[in-house]
Amino acid sequence: MTKNEDLIIAPSILGADFSHLEEDLVSIADSGAQWVHLDVMDGHFVPNISFGWDLIRTLRPFSPLTFDTHLMVSQPERFIEQFASAGSNAITVHHEATVHLYRVLQQIRSLGCKSGVSVVPSTPVSAIEHVLEISDIVLVMSVNPGFGGQQMIPSMLQKIARLAELRETEGYDFLISVDGGINAKTAGDAVDSGADVLVTGSSFFSAPDKISYVADLLSLGRAR
Ligand SMILES: O=C(CO)[C@@H](O)[C@H](O)COP(=O)(O)O
Ligand SMILES: [Fe+2]
């Protein structure tokens, strides 16, 4: 794909109020965002526990948007079927969480979902070069995973740029997603570096006007 043809905004429900998730899910669709980002944390791969496939299955009927499931889970191959059947459209797993990365990505695709691979800030792009050919999404963590509301690590922009370069030179087709500390101030640099998908949690849910917040992010794609 060509860089940033259509920027995708993916609000993360980790930033939502869990006492009225259904309402918050509707506010994501009403904002003009195209994806819902679902952060699954197991208390082992990351030092936090969020929710599992049952919640995703429960939320599925309340949103027409793409469900973009981000598994921060050790040995994610144990649970791919459950997350696919719960209604995920894309499933992203971490390079650092499995020794069977290529196989897990194949498994995700075989279940009809888009395959995503993610790397934590300390992992270089070279670690995942062998799976780029079977990845529909490459998710660059721009914070250490586990919590919303952190500040973006600026050097992650170079990783985005390297992925965009590899995609161009090697003819790959993946989307580049950036996750962590994305807001109206940081999004521009991420888009300029080559990001196609902007995951945004705390800044989306704290925005007084979600429609203009999303419109402002979307305009960054068009301004290129
Ligand atoms: O995967 C994660 C955190 O591990 C993210 O998806 C966060 O939920 C994004 O939240 P903000 O940094 O935008 O608040
Ligand atoms: Fe995430």
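Which residues of β6 lie on one side and which on the other, and are they buried or exposed?

Mentor: Please keep in mind that this is a predicted model, in which local features need pLDDT of at least 70 and side-chain atom pairs count only at pLDDT 80 or more, while totals for chains, interfaces and linings use all residues. Residues are numbered from 1 along each chain as its sequence is written, and chains are lettered from A and ligands numbered from 1 in the order in which they are written.

On one side of β6 are I137, L139 and M141, on the other V138 and V140, and all of them are buried, which leaves both faces covered. Buried here means that 20 or more other C-beta atoms, placed from the backbone, lie within 10 Å of the residue's own. Because five of the five residues of strand β6 (residues 137-141) are buried, the strand is largely enclosed by the rest of the structure. Strands are DSSP runs of E with at least two residues, helices are runs of H or I with at least four, and both are numbered from the N terminus.

As for its partners, two strands pair if DSSP finds at least two bridges between them. Strand β5 (residues 114-119) pairs with β6 in the parallel sense over four bridges, and S118 stands opposite L139. Strand β7 (residues 175-179) is joined to β6 by five bridges, and the two run parallel, with S177 in β7 standing opposite L139. Between β6 and β7 the chain passes through helix α5 (residues 156-170), and this β-α-β crossover is right-handed, that is, with the strands pointing away from the viewer, the path from the first strand over the helix to the second runs clockwise.

Contact here means C-beta atoms, placed from the backbone, that lie within 7 Å. D179, in strand β7, is buried with 28 other C-beta atoms within 10 Å; leaving out residues up to four places away in sequence, D179 touches H70, L139, M141, S142 and V199. H70, found in strand β3, counts as buried with 29 C-beta neighbours inside 10 Å, and its contacts beyond four places in sequence include L139, S118, H37, D39 and D179.

UniProt, in an unreviewed entry, places a "binding site" feature at H37, D39, H70 and D179. These positions span 143 residues in sequence, yet no two of their C-alpha atoms are more than 10.5 Å apart, so they gather at one spot. The record's annotations may be inferred rather than shown by experiment. UniProt also lists D39 and D179 under "active site", again in an unreviewed entry. D39 is found in strand β2 and counts as buried with 24 C-beta neighbours inside 10 Å, and H37 lies in strand β2 and counts as buried with 29.

Finally, 23 residues surround ligand 1, the closest being L14, P145, G148, G201 and S202, where a residue is near a molecule if its C-beta atom, placed from the backbone, lies within 6 Å of it. The elements that give two or more residues to this shell are β2 (35-41), β3 (66-72), β8 (197-200) and α7 (202-206).

Note on methods
Buried ≥ 20, exposed ≤ 12 C-beta atoms within 10 Å, placed from the backbone. Contact = placed C-beta atoms within 7 Å.
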